[in-house]
Amino acid sequence: MRHLIDFGDLPREEWDALYARASQIIDAPEQFIDVCRGKVAASLFYEPSTRTNFSFQTAMLRLGGTVFGFADPNSSSVAKGETLKDTIKMVSSYADVIVMRTPWEGAAKAASLYSNVPVVNAGDGGHMHPTQTMADLTTMTKLLGGVDGLSLGLCGDLKNGRTVHSLIKAMAKFKDIKFFLISPRELAVPEYMRTFMRENNMRFTEVTGLEAVIPQLDVLYMTRIQRERFVDPLEYERNKGIYILTRRKLERAKEKMLVMHPLPRVDEITVDVDDDPRAVYFQQARYGMFARMALLEHLALQPRWDTVPPVEIGTKPVCTNPRCITQTQPYLPPLVKKIGGVDCCGFCDAALR
């Protein structure tokens, strides 16, 4: 692994090795306080973040490394019109690993084309969030003993939920997984995710109600309705507050079911659920820090590339997705890949029309 852009690109064996390392760190963190001493992580956060940003910074500091970067692009040369390519070329000359979050889908993939050091996707728009998936899998494995054979309920905004998309891709590496996809019809998973599940023979059922399926679940993964992903404010108003998990609804759930959430929550889990032993979302956030420590150790210690392979210069965006990175960075190469036999954007996975 040179970069972590999409968890789907990570072989099961490599994930198992990362989890084993994360488990060692959880059990004896004091043994890892110097493994990245002298290494530097660049933290490029083009949109707001609390857990992911703090988690990565803390992970690097706990490994003995240091961190620089920005949490507001207006405080950087981006505000002056600097391209993503130039930002990455400049930052990769200073750092040993780059962690980036952006509102543009496919931005981390684009960055990886120009970087001399590993790039980690810490969330790109409504597309992918692979390190949240590392936190999710670490939590399930630690608390349930494994992931194979689980029934997972994914609830909320599944159309724009990058954590959901990454988790679905990750689950293709495990056996006998069954999904219950719980969402309003207008916020259902994108078609490319359905295609992915069918291609990988993953069982899934799409429903609009939570209470009917909750008794069947081993994991209930709640997500918020994300105001910032909606183009139409009225669509957000129609869907906000549609799913709310309460103590009463949990009465019908399995005794050892896990309630997970990538956070932040708004109103989709009531505060009285926090005291239920099945509510593990704050523990999940802590496990995410340890999983990111394992990842940063793996990537920051890799040798730097003195030269980056040349990249074709594009002349116009091929993708029509308005949130795709190619819409604002037209010099990017016209990457195309097949998903279910359909030509899709190599950056954001949207179907090309």
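This is a predicted model: local features need pLDDT of at least 70, side-chain atom pairs count only at pLDDT 80 or more; totals for chains, interfaces and linings use all residues.

Guide: Residues are numbered from 1 along each chain as its sequence is written, and side-chain values use heavy atoms, with hydrogens and water left out.

Visitor: What is the order of the strands in the open sheet?

Guide: Strands of a sheet pair through backbone hydrogen bonds, either parallel or antiparallel. Strands (E, at least two residues) and helices (H or I, at least four) are DSSP runs, numbered from the N terminus, and two strands pair if DSSP finds at least two bridges between them. Here five strands form an open sheet in the order β7-β6-β5-β8-β9, with parallel pairing. Because β7 (203-207) and β9 (258-260) stand at the edges with a single partner strand each, one side of each has no neighbour in the sheet.

Visitor: Which residue in β7 is the bridge partner of Leu181?

Guide: That partner is Glu206. Strand β6 (residues 178-182) and β7 are joined in the parallel sense over five bridges.

Visitor: Are the residues on the two faces of β8 buried or exposed?

Guide: In a regular strand the side chains alternate between the two faces of the sheet. Buried means under 20% relative accessible area, exposed over 50%, and partly exposed in between (1.4 Å probe, protein chains only). In β8 (residues 219-222), Val219 and Tyr221 on one side and Leu220 and Met222 on the other are all buried. Met222 is also the bridge partner of Cys155, and Leu220 has Val259 in β9 as its bridge partner.

Visitor: At what angle do helices α5 and α6 cross?

Guide: Axes are lines fitted to C-alpha atoms, for helices over the stretch in contact, and angles run from 0 to 180 degrees between N-to-C directions. The axes of α5 (residues 130-144) and α6 (residues 162-171) come within 8 Å and cross at roughly 60 degrees. α5 is therefore oblique to α6; angles under 35 degrees count as roughly parallel, over 145 as roughly antiparallel, 65 to 115 as roughly perpendicular and the rest as oblique.

Visitor: Which residues in α1 meet α10?

Guide: Contact means heavy atoms within 4.5 Å. Glu14, Leu18, Arg21, Ala22, Ile25 and Ile26 in α1 meet residues of α10, including Tyr287 and Phe290.
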